[in-house]
Amino acid sequence: MPTITLQEAETIIEGAKAKIQELGLKMSVSVTDARGDLIAMIRTDGASWRTPFISRGKAVASACFGLPSGELEDRSKWPVFQAFTVLQDGHFIMHQGALPIYKEGEIAGAVGSSGGTSQEDEEVSKTGLHYANLSSS
C-alpha cells in the first residue's frame, strides 16, 4: 500500500501555506496516512486553537473512506457514523475541507484544512495537493 512520505507532507503544507497567505486567512492544515495517522500539521499564526483538531478530523474522515470529506456530510447523521465518531474520540469529522491522496490508484493519505469557509478549506487542501504533484482521485 502506498503512503505519504514526510517530505511529501511538508511539500503539501508548503503549497497550502502559500494559498492561506494569498487568501489572508488563519488556518491549520493536517496531512495523514491512509489509516488517518498524522504525518504533519501546521497552525498558522493567529489561527484558532480548534483548527488543528478540525483539520485533522477532516483528513481522518477523508482517508478512511478515500473521498473528499464534504461528500461524507450526509452520512454524519447516520447512527453508525455517529457511533464511529465517538469511537474515534471525535477525531473523525465529515465536513468539507479535506481531500484524499491517491498514489498508483490506491489511497495513500489525506490532507485537511480548517479556519476558513468550507470552500476555502477545501481550496487550501487542493492547492497543497497540486503543489506536491499529488492527486485526489
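**Exercise 1. How many of the residues of β1 are buried?**

Solution. This is a predicted model, in which local features need pLDDT of at least 70, side-chain atom pairs count only at pLDDT 80 or more, and totals for chains, interfaces and linings use all residues. Residues are numbered from 1 along each chain as its sequence is written, and side-chain values use heavy atoms, with hydrogens and water left out.

Step 1. Buried means under 20% relative accessible area, exposed means over 50%, and partly exposed lies in between (1.4 Å probe, protein chains only). Helices (H or I, at least four residues) and strands (E, at least two) are DSSP runs, numbered from the N terminus.

Step 2. Take the strand as a whole. Six of the six residues of β1 are buried, so the strand is mostly covered.

**Exercise 2. Find the strands that are joined to β1 and state how they run**.

Solution. Two strands pair if DSSP finds at least two bridges between them.

Step 1. β2 runs antiparallel to β1, and five bridges join them. Within this pairing, Ser30 stands opposite Met41 of β2.

Step 2. Look at the connection. β1 and β2 form a hairpin with four residues between them. Gly36, in the turn, has a positive phi of about 100°.

Step 3. β4 is also antiparallel to β1, with six bridges. Here Ser28 stands opposite Ser114.

**Exercise 3. Describe the largest nonpolar core and state which element gives the most to it**.

Solution. A nonpolar core is a set of buried Ala, Val, Leu, Ile, Met, Phe, Trp, Tyr and Cys residues joined through side-chain atoms within 4.5 Å. In soluble globular proteins, nonpolar side chains tend to be buried together.

Step 1. The largest core has 19 residues, and those with the most contacts inside it are Ile12, Val29, Val31 and Ile101.

Step 2. At least two residues of this core come from each of α1, β1 (28-33), β2 (38-43), β3 (98-103), β4 (106-114) and α4. Helix α1 gives the most, with five residues.

Step 3. Another core lies apart from this one; it has six residues, among them Val60, Phe81, Phe92 and Met94.

Step 4. Contact means heavy atoms within 4.5 Å. Leaving aside neighbours within four places in sequence, Ile12 is in contact with Val31, Ile101, Val111, Gly128, Leu129, Ala132 and Leu134.

**Exercise 4. Trace the salt bridges of Lys19**.

Solution. A salt bridge is a side-chain nitrogen of Lys or Arg within 4 Å of a carboxyl oxygen of Asp or Glu. By this rule the count comes to five salt bridges.

Step 1. Lys19 meets Glu22 in a salt bridge of 2.9 Å, N to O. Both residues lie in helix α1 (residues 6-23), three residues apart, about one turn of the helix.

Step 2. Lys19 also forms a salt bridge with Glu123, with the closest N and O atoms 3.0 Å apart. Lys19 is in helix α1 and Glu123 in helix α4 (residues 118-131), so the pair ties together parts that are 104 residues apart in sequence.

Step 3. Compare the accessibilities. Lys19 is buried at 12%, Glu123 is partly exposed at 29%, and Glu22 is exposed at 60%.

**Exercise 5. Describe the ring geometry at Trp49 and at Phe65**.

Solution. Rings of Phe, Tyr and Trp (its six-membered ring) pair if their centres lie within 6.5 Å; planes under 30 degrees apart count as stacked, over 60 as edge-to-face and the rest as tilted.

Step 1. The whole structure holds two aromatic pairs. One of them joins Trp49 and Phe53, 6.4 Å centre to centre with 65° between the planes, which is edge-to-face. Trp49 and Phe53 are both exposed.

Step 2. A charge sits over a ring if NZ of Lys or CZ of Arg is within 6 Å of the ring centre and within 35 degrees of the ring normal. The charged end of Arg75 sits over the ring of Phe65, 5.6 Å from its centre.
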